Amino acid sequence: MTSHEIPTLLGVRDMEAAKRFYTDGLGWKIKNDYGISVFFESDGASPIGLYGREGLAELVGTNPEGNGFSGLVLTSELGSEARVDEMMAQAAKAGATVLKPADALPWGGYGGTFADLDGYIWRVGHTAQGNG
């Protein structure tokens with residue numbers, strides 16, 4: 001990671017299961033694996049890292065238990081509607097919960113939403129105006 005690539009850290013309950021979800025399930029490549037944290041290749045998006053939930057909560061001084069909608073949605077702008085469908089299928093096969101199947105969006109885009117194994121919500125989409 002370069003100094004200008006600041007990763008978003010996701011606190012995960014089971015590091016090995018989370019790594020399998022993102023690598024085997026979604027096809028992401030690991031850039032660095034430090035044991036207590038893992039960082040993925042960014043592929044033009046904001047870099048994502050995994051960190052043990054308990055350790056991350058301790059690091060930032062909060063309680064690791066939480067529930068409900070956090071107000072945070074991670075996004076990935078993809079290159080085509082077909083790629084959106086592929087990513088949604090990959091996520092579901094890897095154990096994600098599909099929250100909204102991919103479909104046309106009111107503003108002209110196309111996208112869907114899933115929650116990963118730890119409940120983090122991902123919106124994957126494609127728009128003609130996007131760079132994805």
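## Terms and basis

A cavity is, on a 1 Å grid over the protein atoms alone, a set of points where a 1.4 Å probe fits but cannot get out, and its lining residues are those with an atom within 4 Å of a point. The structure is a predicted model, in which local features need pLDDT of at least 70 and side-chain atom pairs count only at pLDDT 80 or more, whereas totals for chains, interfaces and linings use all residues. Residues are numbered from 1 along each chain as its sequence is written, and side-chain values use heavy atoms, with hydrogens and water left out.

## The chain as a whole

The chain holds three helices and eight strands, where helices (H or I, at least four residues) and strands (E, at least two) are DSSP runs numbered from the N terminus. Along the sequence these elements follow the pattern β-α-β-β-β-α-β-α-β-β-β.

Of the 132 residues in the chain, 38% are buried, a word that stands for under 20% relative accessible area, while exposed stands for over 50% and partly exposed for what lies in between (1.4 Å probe, protein chains only). The accessible surface comes to about 7,800 Å², and 51% of that surface belongs to carbon and sulfur atoms; such areas come from the Shrake-Rupley method with a 1.4 Å probe, and for residues only the protein chains shown count as cover. Among contacts (heavy atoms within 4.5 Å) between residues at least 6 apart in sequence, 51% join residues at least 24 apart.

## The sheet of E1 to E4

Four strands form an open sheet in the order E1-E4-E3-E2, with mixed pairing, where two strands pair if DSSP finds at least two bridges between them. Its edge strands, E1 (8–12) and E2 (30–33), each pair on one side only, and the twist averages 20 degrees from one strand to the next. Axes here are lines fitted to C-alpha atoms, for helices over the stretch in contact, and angles run from 0 to 180 degrees between N-to-C directions.

Strands E3 (residues 37–40) and E4 (residues 48–52) pair in the antiparallel sense over three bridges, and the bridge partner of Val38 in E4 is Leu50. Helix H1 (residues 15–25) packs on this sheet, touching E1, E2, E3 and E4, and its direction makes about 160 degrees with that of E4. Helix H2 (residues 53–60) lies across E1 and E4 and runs at about 95 degrees to E4.

## The sheet of E5 to E8

Another open sheet of four strands, also with mixed pairing, has the order E5-E8-E7-E6. Strands E5 (74–77) and E6 (97–104) are its edge strands, each pairing on one side only, and the twist averages 15 degrees from one strand to the next. E5 pairs with E8 (residues 121–126) in the parallel sense over four bridges, and Thr75 has Arg123 in E8 as its bridge partner. Leu74 and Ser76 make up the covered face of E5, whereas Thr75 and Glu77 make up the uncovered one.

Helix H3 (residues 81–93) lies across E6, E7 (110–115) and E8, running at about 15 degrees to E7. Glu81, which has its place in helix H3, is partly exposed, with a relative accessible area of 43%. Not counting residues up to four places away in sequence, Glu81 touches Tyr110 and His126.

## The cavity

The count comes to one cavity of 30 Å³ or more, with grid points joined across faces, edges and corners and a volume taken as the space filled by probe spheres set on the points. The largest cavity holds about 30 Å³ of space, and its lining consists of Leu26, Trp28, Ser76, Met87, Phe114, Trp122 and Val124.

Key
On a 1 Å grid over the protein atoms alone, a cavity is a set of points where a 1.4 Å probe fits but cannot get out, and a pocket is an open set with protein on both sides within 12 Å along at least five of seven lines; lining residues have an atom within 4 Å of a point.
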